[in-house]
Amino acid sequence: MAVNALHILAEAATPADLAAARTQMGLSLGWHIILACFGVGMPAITVFAEWRWLRTGDELYRTLAHRWAKAMGVLFAVGAVSGTILSFEMGVLWPGLMQTYGQVIGLPFTLEGFAFFIEAIFLGIYLYAWDRLPPRVHVLTGIPVCVAGVASAFFVVCANAWMNQPTGFDLENGRVVGVDPWGAMFNPATPPQTVHMIIAAFLVAGFGMAAVYGAAMLRGKRDRYHRLGFTIPFTFAAVIAPVQVFVGDWAAKFLATNQPAKLAAIEGVYRTEQGAPLHLGGIYSNGEMRYAIEIPNALSLLAHWNPRATIIGLAEYPPGDRPPVNIVHWSFQIMVVIGFALVALGCWCGIVAWRRRRLPTSRWFARAAVAGGIAAPIAVEAGWVTTEVGRQPWIVWGKLRVTDAVTPVPGLTVGLLVVGIVYLVLTIASVYVMRRLARTPLPVAPQEPSAEQERAG
Amino acid sequence: MSLANWLISLMWVGLTCYVLLGGADFGGGFWDLVAGRAARGARQRWLVEESIGPVWEANHVWLIFVIVLCWSAFPAVFASVTSTMYIPLTLVALGIIARGAAFAFRKASTEFGLQRLFGAAFAASSVLTPFFLGAVAGGIASERVPIGIAKGDLVTSWWNPTSVFAGVLAVVVCAYLAAVYLCADARRAQAPDLVRGFRHRAIGSAVVAGALALGGIAVLHADAPALFAGLTSTGLPLVILSIVAGLGSMALLFMDRYVLARGSAAVAVTALLWGWAAAQYPLLLPPDTTIDAAAANPAVLRVVLVSTIVGALLLIPSLAWLFMLFQHSPAASEPPRR
């Protein structure tokens with residue numbers, strides 16, 4: 001190693017390093033969020049199946065619960081470690097944020113730490129103690145996993161909501177002087193954001209699990225095992241999907257009053273106007289939304305329940321304080337379209353089930369169910385892009401810019417490259433292992449050697 | 001005791017638990033790495049997997065707990081350490097990903113080649129991660145992390161005699177703890193060959209750790225005189241306790257008292273960690289940042305302290321049940337045949 005390389009000292013971050021830091025954070029967060037969704041939603045669905053087994057004595061439910069638990073074990077492990085890297089990156093990439101505001105958002109993260117503890121402890125028990133506990137006790141050990149998973153999601157999203165709507169502290173010359181930790185945690189953005197995300201997690205888990213059996217149906221497997229494996233998670237998700245429409249509407253209305261710059265970016269509104277139209281599609285350039293389908297007054301109506309309401313445009317903000325429009329606009333639209341499509345998918349199944357007392361048999365339905373399992377996480381990603389890019393150029397809205405929070409160390413592009421390769425390998429390995437688990441032919445007790453079954457299959 | 005002192009004590013309790021529990025899981029990976037060729041090492045690998053499978057995720061959360069307490073209660077210290085230690089901490093994070101994911105993947109895969117690949121990733125990252133964590137600790141203890149964002153040298157802060165010493169010591173201590181713990185697990189699994197094997201390894205790694213610590217005296221004397229002075233004054237009782245407990249664990253291993261040996265080994269490692277704390281008290285980032293000066297707003301310290309105490313009321317019984325469940329019943333599967 002060259003001698004001078006031993007004395008690297010930090011200066012200001014270059015634009016390339018800033019871009020690398022943002023990409024790395026986005027990659028790690030975007031990766032983790034999908035695993036986290038399964039961690040939140042999957043335990044409830046699995047425990048439900050196990051409970052049905054206890055009630056009915058039907059072994060198929062137990063088989064399903066076993067297999068889901070095994071998959072959950074892998075997903076939780078990967079989710080836990082991919083979440084850990086985020087807590088490192090908070091400091092490694094954004095020391096400017098943590099130095100000033102780490103204490104303000106410390107409370108929800110401390111609570112999240114305990115929720116994570118409870119989740120990990122009871123998941124260990126749930127996965128490994130099928131044969132060591134009486135069945136009734138075993139199913140009960142799944143309950144803390146479900147509760148702690150939802151609580152974890154709540155606490156983490158509290159902290160993100162605070163970044164969008166920072167409250168609960170006083171600044172003096174850039175230093176935090178007074179802190180109200182509860183006020184920071186329960187900031188105005190907390191209710192809509194946390195509810196929106198927790199429901200999204202159940203949608204991802206439910207549609208995602210159902211998609212596995214949808215794919216099996218496409219291969220002609222329609223026995224009772226596959227039908228049940230499809231119906232339980234799909235019903236969960238299909239029932240919740242319409243609720244998400246209303247929660248999403250609540251979140252958007254919240255933006256209209258509390259974070260108008262983000263709403264303006266979502267809709268590509270440049271000039272403040274009364275009775276603003278809703279833009280479907282379109283490309284924003286030079287303060288104008290081109291090629292979009294306009295629905296007159298619809299934005300004002302949706303945002304404020306009043307077709308004449310005023311919508312604040314981006315022109316009200318200095319150019320340096322405006323988020324990029326196209327990426328926010330499009331990711332929002334993708335999220336909304338997928339949301340409605342998932343509702344429609346649920347209705348399709350619901351209508352057939354109501355009229356004919358069975359699942360839809362058409363191949364198109366199975367294909368749509370598979371697509372739904374892929375689309376749901378895409379909607380979550382699009383939603384996160386909307387809220388995170390829509391907050392730009394701020395990391396703490398109105399208080400701290402991303403450029404002031406990023407670490408000044410050199411070589412972040414190299415870090416991104418290394419992290420990118422690790423995530424690529426991790427993705428390939430995860431997909432491979434999950435596919436193997438999905439195809440294991442016969443049920444085995446979770447976390448136990450499956451050599452006999454392998455041979456049998 | 002000031003609020004900040006309570007918080008740093010809690011952090012140190014968390015760190016101790018992480019080293020004693022999470023550290024032993026890394027040590028399990030170390031023994032997996034050196035278990036030898038597939039057929040010969042299969043029984044050892046089975047025991048390691050059996051022992052850490054149900055608990056490693058819970059053990060891992062101690063690290064998150066320490067990190068979160070650090071940024072809540074000592075935000076400026078957190079930002080200083082993470083920014084200066086950007087390189088080793090990124091490697092630690094990647095090591096944690098590789099270790100946990102590979103362990104879960106190995107368990108879920110059935111082809112021999114894949115099991116070996118994931119096993120290698122699990123074992124290698126189990127050695128690298130504690131090394132870099134130790135190197136970070138060594139950098140902090142040897143006054144190489146000044147307060148402020150990226151104010152320390154990005155390379156020499158963790159690549160220096162004290163850091164390398166601390167990194168190697170961390171790996172050896174993890175291996176030692178794992179070997180001592182695994183003796184009792186092997187006996188419960190009724191595998192006398194594994195009991196003998198891990199007893200040898202435990203005693204061997206205790207000897208290596210002791211020799212390393214002796215050599216470390218010279219390293220610290222030359223490279224970190226302030227730390228050396230602290231360890232030989234305020235920290236001395238704890239250092240002596242660590243030595244006595246370490247020797248005691250070896251004696252207990254010779255006498256086949258494996259559960260007591262566990263306790264003694266844990267005391268040895270705990271005393272070492274608290275000896276470091278005592279040696280640099282009241283400094284958090286030596287040479288001049290004190291615990292009280294680096295502390296967050298009192299309102300934050302209070303609420304974090306209270307929520308940690310309340311959280312502990314939920315946590316401790318849950319943890320106790322987890323360990324009892326898997327320490328007091330036979331293994332879930334049979335060991336592979338010799």
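I began with burial: a residue is buried if 20 or more other C-beta atoms lie within 10 Å of its own, with C-beta atoms placed from the backbone. By that rule, 54% of the 457 residues of chain A count as buried. I note at the outset that the model is predicted.

**Entry 1. Chain A as a whole**

I looked up the secondary structure of chain A and found 15 helices and ten strands. The C-alpha trace of chain A spans about 65 × 65 × 40 Å along its principal axes. I also took the contacts in chain A with a separation of 6 or more, and 75% of them are between residues 24 or more positions apart.

**Entry 2. Helices α1 and α7 of chain A**

I examined how helix α1 (residues 15–56) of chain A packs with helix α7 (residues 190–218) of chain A: the angle is about 75 degrees and the axes are 7 Å apart. Angles of 65 to 115 degrees count as roughly perpendicular, and α1(A) and α7(A) are therefore roughly perpendicular to each other. On the side of α1(A), the residues that meet α7(A) include Ile34(A), Phe38(A), Met42(A) and Ile45(A). From α7(A), I list Ile198(A), Phe202(A), Val204(A) and Met209(A) among them. Sorted by class, this contact has 14 nonpolar, three polar and no charged residues.

**Entry 3. Helices α11 and α12 of chain A**

I turned to helix α11 (residues 325–356) of chain A and helix α12 (residues 363–389) of chain A, which pack at an angle of about 150 degrees with their axes 8 Å apart. An angle over 145 degrees counts as roughly antiparallel, and α11(A) and α12(A) are therefore roughly antiparallel to each other. I recorded the crossing of α11(A) and α12(A) as left-handed. The contact between α11(A) and α12(A) has 20 nonpolar, five polar and no charged residues.

**Entry 4. Chain B as a whole**

I counted 13 helices and two strands in chain B. A compact globule of 338 residues would have a radius of gyration near 20 Å, and the 20 Å of chain B agrees with this. I found that the C-alpha atoms of chain B fill a box of roughly 60 × 40 × 35 Å along the principal axes. Of the 338 residues of chain B, 62% count as buried. Residues 24 or more positions apart make up 79% of the contacts in chain B with a separation of 6 or more.

**Entry 5. Ile52 of chain B**

I located Ile52(B) in helix α2 (residues 38–52) of chain B. Ile52(B) has 26 C-beta neighbours inside 10 Å and therefore counts as buried. Setting aside neighbours within four places in sequence, I found Ile52(B) in contact with Asp25(B) and Gly28(B). I also looked up Ile64(B), which is twelve residues from Ile52(B) in sequence and 18 Å from it in space, C-alpha to C-alpha.

How values were computed:
Residues are numbered from 1 along each chain as its sequence is written. Chains are lettered from A and ligands numbered from 1 in the order in which they are written. This is a predicted model: local features need pLDDT of at least 70, side-chain atom pairs count only at pLDDT 80 or more; totals for chains, interfaces and linings use all residues. Helices (H or I, at least four residues) and strands (E, at least two) are DSSP runs, numbered from the N terminus. The radius of gyration is taken over C-alpha atoms; the globule rule is 2.2 Å times the number of residues to the power 0.38. A residue is buried if 20 or more other C-beta atoms lie within 10 Å of its own, exposed if 12 or fewer, and partly exposed in between; C-beta atoms are placed from the backbone. Two residues are in contact if their C-beta atoms, placed from the backbone, lie within 7 Å. Axes are lines fitted to C-alpha atoms, for helices over the stretch in contact, and angles run from 0 to 180 degrees between N-to-C directions. Angles under 35 degrees count as roughly parallel, over 145 as roughly antiparallel, 65 to 115 as roughly perpendicular and the rest as oblique. A crossing is left-handed if the near helix is turned anticlockwise from the far one by less than a right angle, and right-handed if clockwise. Ala, Val, Leu, Ile, Met, Phe, Trp, Tyr, Cys and Pro count as nonpolar, Asp, Glu, Lys and Arg as charged, and the others, Gly among them, as polar.
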